[in-house]
Amino acid sequence: MSFDKKVFQIRNRIKRYSKISIVKNLLLRLHSRDRNQPTAFMRHWIVCLMLEWTLELDNNKSTKEATPGDVQKLLDKLWMVSSDALDLSKSKNVWLTMRIGLLQQLRFQADQSENIYFLARLYTIMCEKSSSTYFKNEFKKHTDIELNDFFVFAFFLGFIFKDNDKPYYSYSSLIPLLLPGFSYEFVKKALLLIGSDLNSLQSIMLNARSHTNVEHVSREEYFAEPKLLLKPIIFLPEGLCTPNSYIALIGVSEFVLRTLKKAAPEKFRQKFSISFEQYIGSLFKDFAYKVHTEKALKDIYKKHNIQGKVVDFLHTSREVSIFFDAKGVEPKQELLLTDNEVLIKDKLRDTILKGITQAAECIDKLVNVSEIKIAPFEKRYAVVITHQDFYLGNGVKLASYLGDEYRVRIDKAVKGKLSLDNVHFCGVAELESILAACRAAGTSLDNFFDFCTVEETDPHTAKFMIKQHIEAYKKKHNIEQMSFGTDRLNTVIDELSSKAVLSMQTSQKYWKQGSFLMDDYIQLKNEFLNMSVRRNY
């Protein structure tokens, strides 16, 4: 049976049960924890996908209550159809096709700390004193909320949903922690921006789809990132809910990015790229890693009357030269959901591929400049750093994805300048971990990248993502303890956490004053209940 027919059957079976009974079962499952089972066993991405389908679909006229057993059978069927969605028998590049199927699973399995650091890093890029005021001003303009306050509120949400075994955080528990530490007007605005009642979620799920045929689901939609990220908070009659901590933390972060991108895409891209490059520069300083900046390289170009492109950072000596290009971008969904070489080439042309050609051109311009020592061919490296990982492997693996025509152009661009084996890609979080791992091991970055290259030459040790190389490198060098992030990010997390805790303490102190506040409490609870429109599913 085809993928389309199997999906049609699953969605028809979902419609036989009352919507609210499936939703409650799924939320319970998403928040239950079996300490004896790995995270992957819970298949949270499949549970979220079924939650979205349940919200999208209209019930049959006659329905029955879904039991946990009924829901489990549906989830099993939904999981089994993943092999049909991938259809490896028709794949031209198995690595690329498998990439489509693995991404969502890996994101849900990531340590929750990674999501907290993502939030803290975004705050650092946008809100530190050295950052442009553009982000704060634009966010305030389009949301009527201060960006700094929103990040503190995000940490508050992280606190209440962390390790929460219940599918919701009751309003009776929430109010004494939330108000008036955060003002009611702020809370209402913030929650309505990132939250929704179940009734409205159906419209949001349907509007987010690329076509109007509710019965049809494409392979791309099956593997896409959860649409629940659009509204990571759900207002239930019983309390405030998030499907998953990943959904909550990344959903809030994505809301900030989405709001600013939508307002002025090109202006945001320019501002974010500058702030992102500044963050990378400060990261190298934090690790005492010596680099020439883009400005320094441009000065050298000017001094020697050189015209052409430069990279953002260059670490160089007679022994090793590493050319870093910082791209403050995230991979678009279409790129993560395709194994079409033409589409991949088109989506990467102005980011990853441009980074490779810039590094090659920079080598060509500097190789004969006496004051810059460029290493021999085999010890030249290009590293393209993005805001989020593109999961592309190294230069050789990427070239295999592009098709013969464009592969020739890449080979021509780097010929005689550097080897594709020495071209690497990573997200900023991965760069932080690489720098930390090399410091802990007492090694250099080129040692790490050589390690990756050797591993990639053997199918038994080749990796899907650079994070796996980092883990293998730590194991090789017996690095048992290495925290996430950097000292600077840890300071930011402490700062935002302290502000969130102070708000909670202010609220708790207020409500401890006495029973004369009961009328205020009841009024606030009713306000929250009004945000959660109960629908007769």
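Two strands pair if DSSP finds at least two bridges between them. By that rule, strands S7 and S8 run parallel and are joined by 7 bridges. Helices (H or I, at least four residues) and strands (E, at least two) are DSSP runs, numbered from the N terminus. This is a predicted model, where local features need pLDDT of at least 70, side-chain atom pairs count only at pLDDT 80 or more, and totals for chains, interfaces and linings use all residues. Residues are numbered from 1 along each chain as its sequence is written, and side-chain values use heavy atoms, with hydrogens and water left out.

- Ser321, Phe323, Asp325 and Lys327 point one way from S7. Ile322, Phe324 and Ala326 point the other way.
- S6 and S7 run antiparallel and are joined by 4 bridges. They form a hairpin with 4 residues between them.
- Thr316 has Ser321 of S7 as its bridge partner.
- On the S8 side, Phe323 stands opposite Ala382.

**A four-stranded sheet**

- An open sheet of 4 strands runs in the order S1-S4-S3-S2, with mixed pairing.
- Strand S1 (169-170) and strand S2 (195-197) stand at the edges with a single partner strand each, so one side of each has no neighbour in the sheet.
- S1 pairs with strand S4 (residues 239-241) in the antiparallel sense, over 2 bridges.
- Ser170 stands opposite Gly239 in S4.

**Helix H20**

- Helix H20 spans residues 352-366 and has 15 residues.
- The buried residues of H20 include Ile352, Leu353, Ile356, Ala359, Ile363 and Leu366.
- An α-helix has 3.6 residues a turn, so residues three or four places apart point the same way.

**Aromatic pairs**

- Rings of Phe, Tyr and Trp (its six-membered ring) pair if their centres lie within 6.5 Å. Planes under 30 degrees apart count as stacked, over 60 as edge-to-face and the rest as tilted.
- The whole structure holds 32 aromatic pairs.
- In one of them, the rings of Phe284 and Phe313 have centres 5.3 Å apart and planes at 75 degrees, so the pair is edge-to-face.
- Phe284 lies in helix H16 (residues 265-286) and Phe313 in strand S6 (residues 313-316), so the pair ties together parts that are 29 residues apart in sequence.
- Both Phe284 and Phe313 are buried.
- Phe448 and Phe449 have ring centres 5.4 Å apart and planes at 70 degrees, so this pair is edge-to-face.
- Phe448 is buried, at a relative accessible area of 1%. Phe449 is buried too, at 0%.
- Phe3, Trp45, Trp79, Tyr222 and Phe223 form one aromatic cluster.

**Cavities**

- A cavity is a set of points, on a 1 Å grid over the protein atoms alone, where a 1.4 Å probe fits but cannot get out. Lining residues have an atom within 4 Å of a point.
- Grid points are joined across faces, edges and corners, and a volume is the space filled by probe spheres set on the points.
- The count comes to 3 cavities of 30 Å³ or more. The largest cavity holds about 120 Å³.
- The largest cavity is lined by 14 residues, with Gly393, Asn394, Met465, Ile466 and His469 nearest its centre.
- Strand S9 (423-427), helix H24 (445-456) and helix H25 (466-476) each supply at least two residues of this lining.
- The lining has 7 nonpolar, 4 polar and 3 charged residues (Ala, Val, Leu, Ile, Met, Phe, Trp, Tyr, Cys and Pro count as nonpolar; Asp, Glu, Lys and Arg as charged; the others, Gly among them, as polar).

**Backbone details in loops**

- A cis peptide bond joins Leu179 and Pro180, with omega about 0 degrees. Pro180 lies in the loop between helix H11 (171-178) and helix H12 (184-194).
- Tyr391 is not a glycine, yet has a positive phi of about 55 degrees. Tyr391 is in the loop between strand S8 (380-386) and helix H21 (395-401), and counts as buried at 14% relative accessibility.
- Asn478 also has a positive phi of about 55 degrees without being a glycine. Asn478 sits in the loop between H25 and helix H26 (487-511), and is exposed, with a relative accessible area of 65%.

Definitions and conventions: On a 1 Å grid over the protein atoms alone, a cavity is a set of points where a 1.4 Å probe fits but cannot get out, and a pocket is an open set with protein on both sides within 12 Å along at least five of seven lines; lining residues have an atom within 4 Å of a point. The expected span of a helix is 1.5 Å times one less than its number of residues. Buried means under 20% relative accessible area, exposed over 50%, partly exposed in between (1.4 Å probe, protein chains only).
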